[in-house]
Amino acid sequence: MLLLVGLQATAQNVQLHYDFGRSLYSELDDSAEADGRATLTTTVEMFRPDKFGSTFFFVDLDYDDGVSGAYWEIARELNFWQQSKMNWLSVHVEYNGGMNRAVGSYNDAYLAGLTYSGHSKDFSKTWSLSVMYKHIPHTTDIDGDKANANFQITGVWGISFAKGWGSFSGFVDFWRECRPWQDTTHILLAEPQLWLNLNKIKGWNNINLSLGTELELSNNFVSKGFYCIPTLAAKWTF
């Protein structure tokens, strides 16, 4: 119960990111496949625990002459058995999907598997590892054969440091998805975030604003090959 209270206290937030991808990589500005690479993105996150587990979702909205893309993930952790106070195992189910003005709809993805989670005694450090079967309907390989049976491994972490002045959080995904236009099947995406929490300033207790950055590290995600794309970001936590 203490874990749930601790997580719920900082579970809802809205983020605004300025993306430097077009400035750093000319192909993300000029190539047709990158027309949907926006410079501004808002992210809405929510985590809600209950006695049977927890629900998490986030929504990304990209802006480029209006809203140019939308993407969301929703995940449910199910736990019907008693666990240790520090670590626990849960059943994980998830849906991913969205659309982009330039490329149309993203492939829907349905995931199911197991999650192993834990935290430190003071909740300043939390983590989880999920291993999942990933079903992507209507996906085909380079020869046009069905290839909708895939896998995904996801790690998530959160660290509070410097007496709450700083936060280091993020996730890393590794999954299989046939992308004939990239001639690739295995994709890596990590998005670590570093925040300075301004509510630690004297007299700013109710100003839940954080300033920081996100670093998108990917291989075969944005396009074929490795990319390192930083953002300049602000976050308001409810």
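## Ala38 and its surroundings

Not counting residues up to four places away in sequence, Ala38 touches Asp19, Asp62, Tyr63, Asp64 and Ser68, where contact means heavy atoms within 4.5 Å. This is a predicted model, in which local features need pLDDT of at least 70 and side-chain atom pairs count only at pLDDT 80 or more, while totals for chains, interfaces and linings use all residues. Residues are numbered from 1 along each chain as its sequence is written, and side-chain values use heavy atoms, with hydrogens and water left out.

Ala38 has its place in the loop between α3 (27-30) and β2 (40-50); helices (H or I, at least four residues) and strands (E, at least two) are DSSP runs, numbered from the N terminus. With a relative accessibility of 6%, Ala38 counts as buried, a term that means under 20% relative accessible area, whereas exposed means over 50% and partly exposed lies in between (1.4 Å probe, protein chains only). One of the residues that Ala38 touches is Tyr63, and the C-alpha atoms of Ala38 and Tyr63 are separated by 5.7 Å although the two residues are 25 residues apart along the chain.

## Overall form

The protein has three helices and 14 strands. Its radius of gyration is 19 Å, close to the 18 Å that the globule rule gives for 238 residues, so the protein is as compact as a globular protein of that length; the radius is taken over C-alpha atoms, and the rule is 2.2 Å times the number of residues to the power 0.38. Taken along the principal axes, the C-alpha atoms fill a box of roughly 55 × 40 × 25 Å.

Of the 238 residues, 40% count as buried. Among the contacts with a separation of 6 or more, 48% are accounted for by residues 24 or more positions apart. The protein exposes about 13,200 Å², of which carbon and sulfur atoms supply 63%, with accessible areas coming from the Shrake-Rupley method and a 1.4 Å probe.

## The largest nonpolar core

In soluble globular proteins, nonpolar side chains tend to be buried together. Here the largest nonpolar core has five residues, namely Tyr25, Leu28, Val222, Tyr227 and Ile229; such a core is a set of buried Ala, Val, Leu, Ile, Met, Phe, Trp, Tyr and Cys residues joined through side-chain atoms within 4.5 Å. When neighbours within four places in sequence are left aside, Tyr25 is in contact with Tyr227, Cys228 and Ile229.

## Strand β9

Strand β9 covers residues 149-161 and includes Asn150, and Gly155 is found in strand β9 as well. Asn150 counts as buried at 5% relative accessibility, and a polar atom of its side chain lies 3.4 Å from the backbone oxygen of Ala147. This is a polar contact, defined as a pair of N or O atoms within 3.5 Å, where within protein one must be able to donate a hydrogen and the other to accept it, and residues adjacent in sequence count only if both atoms are side-chain atoms. Beyond residues up to four places away in sequence, Asn150 touches Tyr133, Lys134, Ile136, Arg176, Glu177 and Cys178.

Gly155, at 12% relative accessibility, also counts as buried.

## Asn197 in strand β12

Asn197 is found in strand β12 (residues 193-197) and counts as buried at 10% relative accessibility. A polar atom of its side chain lies 2.9 Å from the backbone oxygen of Gly164, and a polar contact of 2.9 Å joins the side chains of Asn197 and Ser167. Leaving aside neighbours within four places in sequence, Asn197 is in contact with Gly164, Trp165, Gly166, Ser167, Leu209 and Ser210.

## Aromatic pairs

The count comes to 13 aromatic pairs, where rings of Phe, Tyr and Trp (its six-membered ring) pair if their centres lie within 6.5 Å, and planes under 30 degrees apart count as stacked, over 60 as edge-to-face and the rest as tilted. Trp72 and Tyr95 form an edge-to-face pair, at 6.4 Å centre to centre and 65° between the planes. Trp72 lies in strand β4 (residues 67-78) and Tyr95 in strand β5 (residues 87-100), so the pair ties together parts that are 23 residues apart in sequence.

The rings of Phe151 and Phe174 have centres 5.8 Å apart and planes at 55°, so this pair is tilted. Phe151 is in strand β9 and Phe174 in strand β10 (residues 166-179), and the pair links distant parts of the chain, 23 residues apart. Phe151 counts as partly exposed at 28% relative accessibility, as does Phe174 at 32%.
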